[in-house]
Amino acid sequence: MEISNNCIEACLECVITCESCSTDCVANGNKECILLCRDCADVCALCARFEARGSQFCASLHALCAEICRACSSECAKHAMHHASCKACAEACRKCAAVCEELSAV
C-alpha cells in the first residue's frame, strides 16, 4: 500500500486548526463547534497515524474522517464571518475531507 503524504499533511493541519478553533470557541460558547472540532481532531489524528503505517483499515477510516470533516467544516463555516479560527478550521476541514474522500474511493 502506498502511503499518502498529502493525507497525513491534510489530517495534521486539520488537527491543529480544530484544536485551536475548539479552544477559541470555549470563550464564544459555540458548543456544537467545540464538540465537532474535538471529534474531528481525534479522527484526523487517528487517520494520519493509520495512513503513516499503511493500515489495512485506511479506506474505511478515510470515509469516516471525510464525513466528520465535512460536518465540522459546515458548522465552522457558520461562524467564519466573525471568528478567524472558525474560518481557518472550515477551510482545513474542507481540504482534509477532499483528500480523504479521494482515498476512500481507492
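The model is predicted: local features need pLDDT of at least 70, side-chain atom pairs count only at pLDDT 80 or more, and totals for chains, interfaces and linings use all residues. Residues are numbered from 1 along each chain as its sequence is written, and side-chain values use heavy atoms, leaving out hydrogens and water.

## Helix packing

Helices here are DSSP runs (H or I, at least four residues; strands are E runs of at least two), numbered from the N terminus.

| Pair | Angle | Axis separation |
|---|---|---|
| α3 and α4 | about 155° | 7 Å |
| α1 and α4 | roughly 150° | within 8 Å |
| α1 and α3 | about 40° | 12 Å |

In describing orientation, angles under 35 degrees count as roughly parallel, over 145 as roughly antiparallel, 65 to 115 as roughly perpendicular and the rest as oblique. A crossing is left-handed if the near helix is turned anticlockwise from the far one by less than a right angle, and right-handed if clockwise. Contact means heavy atoms within 4.5 Å. For residue classes, Ala, Val, Leu, Ile, Met, Phe, Trp, Tyr, Cys and Pro count as nonpolar, Asp, Glu, Lys and Arg as charged, and the others, Gly among them, as polar.

Helix α3 covers residues 58-77 and helix α4 residues 84-104, with an angle of about 155° between them. Helix α3 is therefore roughly antiparallel to α4. The crossing of α3 past α4 is left-handed. Residues in this contact include A59, H62 and C65 of α3 and C86, C89 and A90 of α4. The contact of α3 with α4 comprises 16 nonpolar, three polar and three charged residues.

Helices α1 and α4 cross at roughly 150°, and α1 and α4 are therefore roughly antiparallel to each other. Helix α1 passes α4 in a left-handed crossing. Among the residues that make this contact are N6, C7 and A10 of α1 and S85, C86 and A88 of α4. Divided by class, the contact of α1 with α4 has 16 nonpolar, three polar and two charged residues.

Helices α1 and α3 pack at about 40°, so α1 and α3 are oblique to each other. Their crossing is again left-handed. The contact is formed by C7, C11, C14, C18 and C21 of α1 together with H62, C65, C69, C72 and C76 of α3. Nine of these residues are nonpolar, one is polar and none is charged.

## Selected residues

Buried means under 20% relative accessible area, exposed over 50%, and partly exposed in between (1.4 Å probe, protein chains only). Residue C47 lies in helix α2. Because its relative accessible area is 1%, C47 is buried. Leaving aside residues up to four places away in sequence, C47 touches C7, C11, L61, H62, C65 and C100. Although C47 and L64 are 17 residues apart in sequence, their C-alpha atoms are 9.2 Å apart.

Residue N30 is placed in the loop between α1 (5-28) and α2 (31-53). With a relative accessible area of 14%, N30 is buried. Beyond residues up to four places away in sequence, N30 touches C25, H79 and H83.

## Cysteines and disulfides

A disulfide is a covalent bond between the sulfur atoms of two cysteines. The criterion used here is a pair of cysteine sulfur atoms within 2.5 Å. Searching the whole structure finds zero disulfides. Residue C21 is in no disulfide, and its nearest cysteine sulfur, that of C86, is 3.6 Å away. C21 counts as buried because its relative accessibility is 0%. C86 also counts as buried, at 0% relative accessibility.

Notes: Axes fitted to C-alpha atoms, helices over the stretch in contact; angles between N-to-C directions.
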